[in-house]
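Hi there,

Here is the structure I promised to pass on to you. Have a look at it first, and then read on for what I found.

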Amino acid sequence: MPSHFAALSQAQIAAFISDGFVRIDNAFPRKLADQGRAILWRDTGCDPNDPTTWTKPVIRLGGYSDLPFRTAANTPLLHAAYDQLAGKDRWVPPQGLGTFPVRFPSPDDPGDAGWHVDVSFGWQENPTDFLAWRVNVSSKDRALLMLFLFSDVAELDAPTRIRVGSHRDIARQLEPAGEAGLSLRELAADGFAGTAHCPEVLATGQAGTVYLCHPFLVHAAQPHRGTRPRFMAQPPLQPSEQLSLDRPDGAYSPVETAIRQALNRA
């Protein structure tokens, strides 16, 4: 694709700024989803054709950088979208898709379905206490939150729940904390009640669909009430330079613009 290729329309970019996410259908080929899913099935230890082997509501598989995953994360379409949302050349090409929480049909509570934002730093100091990890108003170390669908996901298939526009509330909550930011424990102290007013949508779609989300977007898992397991990755897009809310040249990315608008700086 030519370097000037635009993956997203101006309307989609505006919606990302206001809503906190954009859905891209056919962001990577279904063939890659099939190849990646075969690897993941192998590692679950479950039989894809025998539901009696699906004994847990969720199995977490981590650290995936096999070729199908790297290729899926780096299609020309997604590279163009990363440029448009995070800023041209301000991000690092993903070397994989990290952790996959594979969700199986189950009547049991998966135990991880609370509302949250994905924290991005502080793990070095508290590697085993996830609730102590942090996020700040300039989204240190994270340019985007991304949802990669490696299976078809309908409404009953445990799609991620998204609170539309919640990134604005989180930006305002983070601002007084400055560079140090807040820990997930502090942000979750009220159960994210400050975003309860936001409309809720579900991250459904066909295998190959990708949701590119603002780093502050509040989201949650849910129990699986469908019939086929759900395979989805939720990696960050790493910045090649830290986000800035005070650029001398005014060349703000949509991620930065959304924060600035929430703080009445734009």
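Strand S6 (residues 161-163) and S10 run antiparallel and are joined by 2 bridges. Strands here are DSSP runs (E, at least two residues), as helices are (H or I, at least four residues), and both are numbered from the N terminus. Two strands count as paired if DSSP finds at least two bridges between them. Across this pairing, Ile162 stands opposite His219 in S10. The open sheet here has 3 strands in the order S8-S6-S10, with antiparallel pairing. Its edge strands are strand S8 (200-202) and S10, each of which pairs on one side only.

Before you go further: this is a predicted model, where local features need pLDDT of at least 70, side-chain atom pairs count only at pLDDT 80 or more, and totals for chains, interfaces and linings use all residues. Residues are numbered from 1 along each chain as its sequence is written, and side-chain values use heavy atoms, with hydrogens and water left out.

Next, the cores. In soluble globular proteins, nonpolar side chains tend to be buried together. A nonpolar core is a set of buried Ala, Val, Leu, Ile, Met, Phe, Trp, Tyr and Cys residues joined through side-chain atoms within 4.5 Å; buried means under 20% relative accessible area, exposed over 50% and partly exposed in between (1.4 Å probe, protein chains only). The largest such core has 48 residues, and Phe28, Tyr82, Phe100, Leu144, Phe148, Phe150 and Leu212 have the most contacts inside it. Helix H4 (residues 76-86) gives this core its largest share, 7 residues. A second, separate core has 19 residues, including Ala171, Leu174, Leu184 and Val218.

Which helix is largely enclosed by the rest of the structure? Helix H7 (residues 254-262) is, because 8 of its 9 residues are buried. Among them are Pro254, Glu256 and Arg260. Just after H7, Asn264 takes a positive phi of about 60°.

Finally, the lining of the largest pocket has 22 nonpolar, 11 polar and 7 charged residues.

Enjoy exploring!

Note on methods
Ala, Val, Leu, Ile, Met, Phe, Trp, Tyr, Cys and Pro count as nonpolar, Asp, Glu, Lys and Arg as charged, and the others, Gly among them, as polar.
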